[in-house]
Every structure is written in structure tokens, then in C-alpha cells.
Amino acid sequence: MFRSNQYCSRYEETSIQLDTALTLPRDAEKQSKIGYKFTINDRSSYFDWFNGFFEIKFVVNQLDGGGGYDGSADKIATIINGSTSLINTLKIFQNGKVVYEGNNLFLSTHVKSLIEYSEDYARSIASGENFYLDVNDEPDKDNLGFLQRLDATRNNKEVSCIIPLNRYSFFKSLETNMLPPSQIQIEVTLTDDDILIYKTAASENARVVVTKFNLWIPRMIFNSAGLSYVMKNYMIPTNWTYLSETVQTLNNINHTENNFRISPSALNPKYVFVFFQRADKIGSQNENPYLFDTFKLNKDNENCHLQSARLTVGNGIYYPENEFTYDNIVRIFKAVNNYVYKQNDKNTGSLLNLKSFKELYGMLFFNITYKNETDNITNDPKEIVLNYKLNTAPAAGYTIYSIVICERTVKVDVLGNELILYT
């Protein structure tokens with residue numbers, strides 16, 4: 001592999017500063033969430049983007065300037081789970097051309113973390129990402145994940161954490177691929193405070209203030225064998241694929257039976273995640289949007305839940321052919337874990353168990369990679385529709401979230417004296 005000491009004489013992390021310095025807000029003001037950009041103009045160096053990361057420091061304090069949150073009855077608030085919750089959108093440019101764009105990434109990275117992380121990874125490595133899993137739906141002493149995050153931010157303490165770039169699909173594809181030396185720009189929009197914060201109703205509204213935001217990328221200095229290897233295998237016209245996530249919603253409805261048109265024309269879709277939430281969860285610091293209500297749509301009882309669901313994809317093809325049903329919720333649980341084939345992996349496990357899946361993190365996963373021969377030949381954009389039923393009418397409105405994961409192709413071609421990316 002190109003990053004090994006067989007080919008590299010040096011492998012050092014390089015710090016990249018924001019194009020424009022952070023501005024700290026005054027009392028009763030929120031920090032701006034837009035306009036953050038990193039630019040790398042070094043066209044002669046090779047970088048290991050897969051192992052790059054954002055370094056972030058932040059504090060949580062009262063919006064009105066009344067200090068921090070110490071855990072007393074009227075001062076209980078902290079950030080939602082994981083450092084990736086800080087980032088809403090990413091846009092990546094190569095030589096001024098957009099090669100990747102992701103929206104509502106705080107949701108898609110959260111869903112993937114629930115499935116991809118093992119308990120051992122969550123307890124150890126992921127703590128550097130401020131990842132502590134909620135174990136109930138209350139900001140109280142019984143919710144260990146919430147308490148761990150509250151302790152980290154207590155009394156205006158500055159939290160230091162990282163966000164690995166490979167949590168985002170474009171960078172994950174660079175584990176075995178390499179971007180050619182070129183100008184790379186990364187635009188970041190941070191997540192709004194009312195989505196980031198989880199607090200008790202009695203506590204004052206909080207804000208998140210980012211105090212440091214750097215990008216770190218390993219720079220690879222190749223020896224003669226490395227240069228020969230790289231030029232032969234990577235600095236040539238080539239292509240590779242990555243998975244791109246798009247979040248779509250159907251907002252504040254109360255149907256007991258409905259069809260949700262997730263996408264009118266998804267190109268090369270591979271996977272779809274779906275979860276339901278009570279409509280009051282997004283935009284309220286008193287609610288936790290990282291907990292899903294698919295199998296408990298009423299806040300005060302368990303009377304209403306998703307009863308059945310399946311997708312219609314393209315020309316009337318059903319996924320799965322036999323619909324998912326609440327009566328066989330273990331089948332739904334199995335399908336979710338099979339996104340990363342953990343159902344049959346005896347060496348590691350999922351953060352989810354059947355109880356937490358049903359009560360806190362219920363979702364649906366549809367594998368639509370299997371296509372008939374006509375689909376494989378034409379590769380036309382596909383309409384995706386969720387057909388579902390609830391067992392009874394909900395007490396209040398709900399929102400459906402879908403994460404459509406499509407396969408994208410990156411092409412590297414020669415333009416003049418440079419290699420250019422096309423997607």
C-alpha cells in the first residue's frame with residue numbers, strides 16, 4: 001500500500017487552518033454556522049485523505065451569557081451524541097469543481113455509527129469523537145451516555161475531539177485510492193444549536209461555541225520506489241466508486257397508511273434507511289433527534305407503531321418482496337445489522353440490541369443492490385417509494401426520514417498537465 005514505509009520516507013500530519021478565522025459570539029448571540037472553508041493549494045504534495053481529520057474544540061454555555069451547565073436542576077444541557085453531530089453539510093471542490101456534496105450529515109453519520117461501531121470501539125476510540133450512546137430517552141441520571149457528555153462539557157469546560165474524514169463516504173473511498181496533487185477546497189456548514197443541544201425543559205437555552213477548528217492531513221513524501229509505484233498505479237487516468245448519502249423527509253403528517261415518494265429519480269441507488277420521528281423533535285433543545293420513534297410514535301404510551309413497510313423501486317419492483325412487519329421485528333433488526341454483515345460476524349458486534357432497537361433506535365434498512373438484467377443494462381434513474389402502514393392513528397404528527405445511498409463514480413482524467421476529477 002502506498003502509505004507504508006516501504007514507499008514513504010516521511011509520513012507526517014500537516015495542519016491546515018481555516019481560510020477565515022473563527023469569530024466568537026457575544027452574550028445572547030449564536031455563533032455563525034456558515035462560511036467555514038479550508039483550502040489546500042499545494043499542487044506538488046501527496047496527501048492521505050482517508051486518514052485526515054478535523055480537530056475541533058468547543059464549549060456549551062447558556063445563550064444569555066449566564067455561564068455553563070453544572071448539572072443542577074436548572075442547568076442540565078449538553079451536546080447531542082458524537083463530534084460528527086457538529087457538521088451539517090460538506091462540499092468538496094477539486095480545482096474549483098464540485099466532486100462531493102452531502103446534506104444533513106449529522107443524521108446519516110449517526111445512523112452509520114449505530115451500526116458500524118462495535119461496543120469496544122465505542123468505549124475506546126470513539127470517546128475521542130465525544131461519542132457516548134444514550135441508553136434512554138431522558139436527560140437524567142439513568143442515561144449514562146448523556147451523563148458522560150454532560151460531564152465533558154460541565155462548567156464551560158472546553159471539549160477537544162476529532163472528526164475522522166473517513167466518516168464521510170467520499171473520503172472513505174480513498175482508503176485504497178489517491179487524489180492527484182491539486183487545489184482542494186472543503187466548505188463546511190455547522191449544525192444549528194437547536195439540533196445540537198439536548199437539555200431539560202427547566203434549563204435555559206444553550207449554545208455551542210466552536211473555539212478551534214483545524215484540518216489535519218498526513219503528507220506523504222515518497223522515496224524513489226514510492227514515486228515509481230504511485231506514478232504507475234495512481235497518477236494515470238482511472239476511476240473508482242464511492243457511496244453518497246442524501247437525506248429526504250416527509251414532514252409533520254398523521255396518516256395511518258401512506259406512500260412516501262422518497263426520490264423521483266435516484267441514479268444507481270444501493271441502500272435506503274428509513275426511520276420515523278415525532279414531528280416536535282427537530283428544532284427543540286428539549287428533544288433528542290438522535291432517538292428514533294419508528295416503533296413508539298406516541299410520546300406517552302406504546303400504542304402506535306409502524307406495522308408494515310416495503311419499498312417500490314423503479315418499475316414496480318418490491319424490496320423486500322415480503323414486506324417487513326412489526327410482528328416479525330427481529331427480521332427488521334437482522335436486516336439493519338446486515339448493512340455491514342454483522343449478523344454473521346462472530347468477532348465483533350453492534351451497539352444495538354433488540355430492546356434498544358425497538359425502544360430507541362428503530363429503523364428500516366432496504367438493500368436494493370439486487371436488480372434484474374434490464375436494470376443492470378439501462379442503469380436508468382429509479383423512483384423510490386415507501387409503502388407503509390401504522391397499527392393505529394398517532395396522537396400527534398410525525399416525520400419520516402430517508403437516507404438514500406447511491407453509488408457514484410469518480411473518474412480521473414488528463415487535462416493539460418493536470419489530473420482532473422469528474423463525478
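This is a predicted model: local features need pLDDT of at least 70, side-chain atom pairs count only at pLDDT 80 or more; totals for chains, interfaces and linings use all residues.
Arg10 has a charged partner. It forms a salt bridge with Glu12, and the closest N and O atoms are 2.9 Å apart. Glu12 is partly exposed too, at 39% relative accessibility.

Why can such pairs form? Side chains of opposite charge can pair when their charged atoms come close.

The model holds 22 salt bridges. Three of them are set out here.

| Salt bridge | N to O distance |
|---|---|
| Arg10 and Glu12 | 2.9 Å |
| Glu116 and Lys172 | 3.9 Å |
| Glu287 and Arg278 | 3.7 Å |

Take the pair Glu116 and Lys172. Their closest N and O atoms are 3.9 Å apart, which counts as a salt bridge because the cut-off is 4 Å. Glu116 sits in helix α1 (residues 105-116), while Lys172 sits in helix α4 (residues 169-172), so this pair ties together parts that are 56 residues apart in sequence. Lys172 is partly exposed, with a relative accessibility of 44%.

Now turn to Glu287 and Arg278. Are these two residues buried or exposed? Both Glu287 and Arg278 are buried. Their side chains meet in a salt bridge of 3.7 Å, N to O. This pair also belongs to a network. Salt bridges with shared partners link Arg278, Lys281, Glu287, Asp293 and Lys299.

Definitions and conventions:
Residues are numbered from 1 along each chain as its sequence is written. Side-chain values use heavy atoms; hydrogens and water are left out. Buried means under 20% relative accessible area, exposed over 50%, partly exposed in between (1.4 Å probe, protein chains only). Helices (H or I, at least four residues) and strands (E, at least two) are DSSP runs, numbered from the N terminus.
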